[in-house]
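Here are some friendly notes to read alongside the model. Keep the 3D view open and look up each residue as you go.

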Amino acid sequence: MIKMVCISLCLIVKNEEENLPRCLSSIKDYIDEIIIVDTGSEDNTIQIALSFGARVIEEAWQNNFSHARNVGLCQAKGEWILFLDADEEVMPDNLWQLRDLPSQNADGFFIQILNRDDKGNTIKQSALRLFRNNPLHRFRGSIHEQIIDSILEHNPEAQFQHLDLIVKHTGYQGKSITQKDKIQRNLSILNYEFEQGNQSPFLLFNLATEYLRSGDFPKALHFYDLAEPQLEPWVSYSHLLGKKKIQCLILLEDYQSALEVTNEYLHLYPDYTDLLFLKASIYYHKKDFINSLQTFRECLKLGEAPGSYVSEEGVGSFKAERSINRILELLKQSDIPEKRADLSLCLIVKNEQKNIARCIKSAKGVADEIIVVDTGSQDHTATLARKLGARVYNFDWSGNFAEARNFSLAMARSEWVLILDADETLRLEEHKQIRDIINKAGDTQGFYLKLINYFGTVDPDDYVVDAVCRLFRNQPEYQFAGAIHENISQSIIGAAGSASIVPTEIHIDHWGYLTRPILKKKNIRNTQILQQEVVKNNDPYTLYAMGTEFFQQAQYKDASSYYCEALRQHCDDGMLSDLYFKTAICYLEQEQYYQGVEMVKRGLQLFPDFASLWYLYGMLEYQQNNLEKACKIWQTTLATGDPPWHKYTFPKGIGTFRTAAVLAVCLEKMGQNKEAELLLEQFLEKRQGLLSIAPPYYRLLEKKYDSNKAVEILIEKIKPLDFSCCFILADVFNQLGRPVIRQGFIKYSLELLIQQPLETDFMKLAGMQLGIILKNCAEVIKKFPASISTDYKIKKISSLFNLGVDLSQ
């Protein structure tokens, strides 16, 4: 026979005459004593409590709920403590369990609490409300008090179970003025504790939650951010912090951040339906109805969240269904297709901890899954990728990029695949465009995306444009080829025809060419791989790739020998235009001007709209002092304009401002200063390619005016009112050797930056200043006596300014 237990019901109250009768009536027949701590009631609360046979203890309110709770515990005689609030009532189902507890070995029981509000929402949470009476177990926390930590502290082996009881809490219903008073009271208590030095994650979490309830969303977000790093995922309220932080970001209309945080927490709590519901809601706010529809359907598939979570009733059932129906009605009234194609992001990585987070975050809003294939990282790359929701696979490096790429494709589950490198990013504003094109792709099998290869940190126009097939259908017959500079376009074209891949104005920003030391290491690695490939497969593409590695290392003689052999073998059109261009550059750099001109002429016969070849043609004639011919060729270049990006690889501005800059120099050399000045002014007014255009224009002005007047005219033409423009001008005058003017623009750049701070811009400005200081230091060292090792001192100073040295080590 199961032993009968004695239960003490403990409450703290103040002015609860409306709620207390309902609360006590719901439980009175199943408990053995009632202990009520009254903290200053001025209504009939005490009389009502006495009428139910309660022992009433009057205790002055001390702005501390735990203190009041513990006063009641000290008076309780029962073997078990059940604690409620006056605005709660116990539902009649299964109350018999209080007299027939399922296990005498348990130290406490969790009970389900239903919190109802005036909007009809019900929040379900599981809370420890029934526990053994032990004088060592006491509540902690001035507000939102807890006892579980105290129990575990004194009994680390304590066992807790769930009791199938439901307590309905109606405290979130009623007059709004009462709620505001409670929130202000709670904030007052919590802020006092915070000011006294209590910065525990639990206090920070509760402070954030009260600010969220009060409508002060920025403060709420601030305190959630303070609490979050201190919490481990297994902490009981960690999942709730994530949910509330997401809600806060939604209310602040920062939907992209909300989406990123949601994905991070879904990785930790994949069965927490509330998070998935919030994700669907974020898509809805962004008017991405296709994504929203699919995610609400995933909520239905997942069902209501397990009882261990604080969860909103209906997110896995009727609320998700209602949202689905609303979106379907919207889709009927628009041209948006209901069917939604899914997308896998695939990366291959090695030691990319500095880049991986930026890359994945740029694609998280559009990719349905993230596949990371790690080829041997020895840093935190894999850990960071997993934290951001990626599935990480290890792959033994075989010296063949295509094999690693194809392994990533084999792991992808989606209909479409997007390929990125870790040092690349998507543009967030183009996510919807990506979704639109794959949803309406028809028979299209792949897309050429616009790869932007940045090679300068000063002028945003310093980049090379390239067309790459990085978005394509996930079909087993589509495979990458090539040990290095691998591509998949030929595989797709071979299976589905050249028309199956089409260009689209979606950008991939590539930052890898900005890191010179890393780029040099990659050149060495690539050269070693290609040397083996040339022996095995002496085809035009491998020769072209080998030549390009030497080209990037400025080894133009070796590069041209590989390029010429590739041309002799008649390579395919995909790289032919670039092959002519790079081969001609090799001849230019080796001062073999005749051979360079002949190479350019051959290229122009096949590619007359390739402005890069016209530009190079003019440069070859200019170097031979054929100025008039060079001018005519460059005028043709300007008339041609920048090439079509999906046909050619070229530097931005090769058919516009870059040509205008060299043409102006040529005109100046011919004594046609006015023509040169007018030509440059066309681009200055458009603020295009300032790093190319401003130096020759300033030199022309200096021939007519003093330096102050020249600067004044330059400023009037450009109107530098933003940081980027002022920063470019600082670099221009640094190159021109005008330190006083340079420092003026640096100072103005800093003033603009202080008004609108951006960390990356601060780093750019700091980098420029450090470079200037380093140069000055090197100049000073050169004047030292011969007995002092100049090389040694230059190396030491270089290391101080982080030129290839990691100062964190």
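1. Start with a pair of strands: β10 (residues 343-349) and β13 run parallel and are joined by 4 bridges. Two strands count as paired if DSSP finds at least two bridges between them. In this pair, Leu 343 stands opposite Trp 416 in β13. Helices (H or I, at least four residues) and strands (E, at least two) are DSSP runs, numbered from the N terminus.

2. Before going further, please note that this is a predicted model, in which local features need pLDDT of at least 70 and side-chain atom pairs count only at pLDDT 80 or more, while totals for chains, interfaces and linings use all residues. Residues are numbered from 1 along each chain as its sequence is written, and side-chain values use heavy atoms, leaving out hydrogens and water.

3. Strand β13 also has a partner in β16 (residues 463-473): these two run antiparallel and share 3 bridges. Here Trp 416 stands opposite Arg 473 in β16.

4. What covers the faces of β13? In a regular strand the side chains alternate between the two faces of the sheet. In β13 (residues 416-419), Trp 416 and Leu 418 lie on one side, Val 417 and Ile 419 lie on the other, and all are buried. Buried means under 20% relative accessible area, exposed means over 50%, and partly exposed is in between (1.4 Å probe, protein chains only).

5. Is Lys 450 buried or exposed? Lys 450 belongs to strand β15 (residues 446-454), and its relative accessible area is 16%, so it counts as buried. Leaving aside neighbours within four places in sequence, Lys 450 is in contact with several residues, including Asp 466, Glu 505, His 507 and Trp 645. Contact here means heavy atoms within 4.5 Å.

6. Now the helices. Two packed helices are described by the angle between their axes and the distance between the axes. The axes are lines fitted to C-alpha atoms, for helices over the stretch in contact, and angles run from 0 to 180 degrees between N-to-C directions. Helix α22 (residues 593-606) packs against helix α23 (residues 611-623) at about 155 degrees, with the axes 10 Å apart. That angle makes α22 roughly antiparallel to α23, a label for angles over 145 degrees. Among the residues making the contact are Val 597 and Val 600 of α22 and Leu 613 and Tyr 617 of α23.

7. Which residues touch the most other members of the largest nonpolar core? Of its 90 residues, they are Val 600, Trp 634, Ile 693, Tyr 698, Leu 714 and Phe 733. Helix α21 (residues 573-589) gives the most to this core, with 10 residues. Another core, of 74 residues, lies apart from it and has Leu 241 and Ile 246 among its members. A nonpolar core is a set of buried Ala, Val, Leu, Ile, Met, Phe, Trp, Tyr and Cys residues joined through side-chain atoms within 4.5 Å.

8. Finally, step back to the whole chain, which has 32 helices and 18 strands. Of its 809 residues, 51% count as buried. Among contacts between residues at least 6 apart in sequence, 65% join residues at least 24 apart.

Technical notes
Angles under 35 degrees count as roughly parallel, over 145 as roughly antiparallel, 65 to 115 as roughly perpendicular and the rest as oblique.
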